[in-house]
Amino acid sequence: MSKRKGLDRRDFIKASAFGLAGVGTTLAAGPAAASGQTAPPVSAKIKSYRTLGRTGFKASDIGIGTSQTFPTEVLKAALDAGVNYFDTSEGYGRGQAERSIGEAIKGRDRKSLFITTKLRFDGLADTAAVAAKLDQSLERLQTDYVDCLMLGPSTAASVKNEVYHQAIEEFKKQGKVRFSGAGTHGSRMPGQGEPMDTILLAAVEDGRFDVLLLVYNFLQKEPGEKILEAASKKNLGLTIMKSNPLGRYYDTKNRIEQMTKDGQPIDERMQKSMEQMAETAKQAEAFIQKNGLKTPAEVKAAALKFVLADARVHTLNLAFNTFDDVQNFLALSGAGLGGKDRVLLASYEKDCGSLYCRHACGVCESECPSGVAVNTIMRYNHYFEAQGSEKYAMEEYAALETAKADACRTCAGWCERACPYGVPVRTLLCLAHTQLTLP
Ligand code: SF4
Ligand code: SF4
């Protein structure tokens with residue numbers, strides 16, 4: 001368990017949901033520390049397995065999903081403790097995630113595991129082109145087949161990608177893929193896609209997908225609710241990402257202080273946003289006192305329990321970076337959402353909900369005169385801060401084809417005015433630009 005269990009209130013605020021990401025990844029030793037170490041004993045075990053819709057597979061209620069770093073020894077500890085679901089992609093860590101899984105599953109009963117991976121289908125003209133990429137994934141995963149090959153559609157129309165569907169049919173015959181799936185955050189670029197719920201509801205309607213991957217958390221219920229409801233009726237397997245929406249006040253504050261020290265300009269509007277955030281921090285103090293919190297883990301644990309308590313959800317994918325993650329996450333397996341958790345989450349939403357740029361949202365993007373991909377940039381920032389995937393986040397940001405957030409410095413903040421959740425997103429975008437820009 002974390003060495004920082006006995007934090008006092010000041011430390012708690014600095015390292016908590018309002019500052020760092022909370023339980024697990026940020027309170028524990030980092031991925032580098034975990035990698036190559038001998039596994040410490042993990043007492044927590046998976047307590048609940050749920051039938052993954054029409055696939056029939058009994059999946060652990062907590063699965064492994066991350067965007068980049070998979071320390072193999074940590075993955076082995078999670079497997080030993082009963083985790084049997086993996087969500088990965090050829091793109092996570094430029095194939096490194098698949099390689100780490102391949103190492104972790106070596107010598108285990110392959111049939112006891114469910115591995116979902118994703119390929120980028122842009123520019124793939126036919127089944128042969130998809131097969132060439134799939135074979136590379138299979139080689140990295142050290143397996144003959146994946147249980148699910150997932151499409152990442154950005155519009156409702158693209159769920160009918162016939163190259164994908166024809167390839168799936170062929171791969172099923174060959175035994176290389178067992179099931180099809182769709183997962184998305186919605187539009188990646190302003191004006192070039194549609195919201196997550198539009199896309200995944202179209203996937204449900206299409207009828208050919210067996211598994212979905214969607215964003216769902218206690219601050220962002222509505223789109224996920226619609227998808228879970230419709231997909232449950234068709235008995236699809238339902239897996240969740242971005243279940244932890246906790247805000248990051250102190251990271252933001254510290255970065256602004258650093259920018260000041262480095263002589264970078266902090267303009268009047270950014271200063272004003274900072275003052276608003278300072279107000280939120282005061283509310284956070286009150287929030288901590290009101291709820292009698294002792295460790296940062298409590299808020300994040302309640303956020304994860306919110307998802308786990310939903311019977312329509314089969315597997316909640318979490319980023320396992322450390323042995324502490326294995327212990328802390330698996331301690332939540334089978335957990336329900338208690339009265340105290342509900343009070344905590346409602347209170348957090350009221351006091352701190354405005355710090356979270358909702359994943360899979362993008363409502364404000366149409367207001368931006370510069371075409372900044374607000375939601376995608378904030379997601380990359382999430383990878384950097386909450387998942388410890390700094391390199392990946394910076395590379396993705398560098399590769400972004402639309403305007404970058406440097407445009408926000410001289411802007412009146414039209415997006416901010418359009419945000420229904422009151423997110424001080426202009427400031428957050430300016431900070432994200434500084435953080436994500438390669439030196
Ligand atoms: S700033 Fe607000 S409207 Fe814009 S993407 Fe984030 S949550 Fe949605
Ligand atoms: S601050 Fe201005 S430039 Fe930046 S995303 Fe918002 S509207 Fe666009």
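**Note on helix packing, barrel and ligand shells**

1. Val74, Ala77 and Ala78 in H3 meet Phe323, Asp325 and Val326 in H12. Contact here requires C-beta atoms, placed from the backbone, within 7 Å. Helices (H or I, at least four residues) and strands (E, at least two) are DSSP runs, numbered from the N terminus. This contact of H3 with H12 divides into 5 nonpolar residues, no polar ones and 1 charged. The classes are simple: Ala, Val, Leu, Ile, Met, Phe, Trp, Tyr, Cys and Pro count as nonpolar, Asp, Glu, Lys and Arg as charged, and the others, Gly among them, as polar.

2. A caution on the source. This is a predicted model, in which local features need pLDDT of at least 70 and side-chain atom pairs count only at pLDDT 80 or more, while totals for chains, interfaces and linings use all residues. Residues are numbered from 1 along each chain as its sequence is written, and chains are lettered from A and ligands numbered from 1 in the order in which they are written.

3. H3 spans residues 72–80, and H12 spans residues 323–330. Their axes are 8 Å apart, and the packing angle is about 25°. Axes are lines fitted to C-alpha atoms, for helices over the stretch in contact, and angles run from 0 to 180 degrees between N-to-C directions. H3 and H12 are therefore roughly parallel. The cut-offs are these: under 35 degrees is roughly parallel, over 145 roughly antiparallel, 65 to 115 roughly perpendicular, and the rest oblique. H3 and H12 cross in a right-handed way. A crossing is left-handed if the near helix is turned anticlockwise from the far one by less than a right angle, and right-handed if clockwise.

4. Helix H14 (residues 374–386) and helix H15 (residues 390–399) have axes that come within 7 Å. They cross at roughly 160°, so H14 and H15 are roughly antiparallel. Their crossing is left-handed. On the H14 side, Ile377, Tyr380, Asn381, Tyr383 and Phe384 take part. They meet Glu390, Tyr392, Ala393, Glu396 and Tyr397 in H15. By class, this contact holds 7 nonpolar, 1 polar and 2 charged residues.

5. How do H5 and H6 cross? The axes of H5 (residues 127–141) and H6 (residues 162–174) come within 9 Å, at a crossing angle of roughly 65°. H5 is therefore roughly perpendicular to H6. The crossing is right-handed. Thr127, Val130, Ala131 and Leu134 in H5 face Val163, Gln166, Ala167, Glu170 and Phe171 in H6 as contact partners. That contact has 6 nonpolar, 2 polar and 1 charged residues.

6. Next, the barrel. It is closed, has 8 strands and runs S3-S4-S5-S6-S7-S8-S9-S10, with parallel pairing. From one strand to the next, the twist averages 25°. Two strands pair if DSSP finds at least two bridges between them. S6 (residues 146–151) and S7 (residues 177–183) run parallel and are joined by 5 bridges. In this pair, Val146 stands opposite Val177 in S7. H6 lies across S6 and S7, at about 155° to S7. Helix H8 (residues 222–233) also packs on the sheet, touching S8 (211–215) and S9 (237–241). The direction of H8 makes about 165° with that of S8.

7. Which residues come nearest to ligand 1? Of the 13 around ligand 1, they are Cys357, Cys361, Cys364, Cys419 and Val425. A residue is near a molecule if its C-beta atom, placed from the backbone, lies within 6 Å of it. The shell around ligand 1 has 10 nonpolar, 2 polar and 1 charged residues.

8. Ligand 2 is surrounded by 13 residues, and the closest are Cys368, Val372, Cys408, Cys411 and Cys415. Helices H16 (414–418) and H17 (425–436) are the elements that give two or more residues to this shell. Its classes are 9 nonpolar, 2 polar and 2 charged.

Methods. Contact = placed C-beta atoms within 7 Å.
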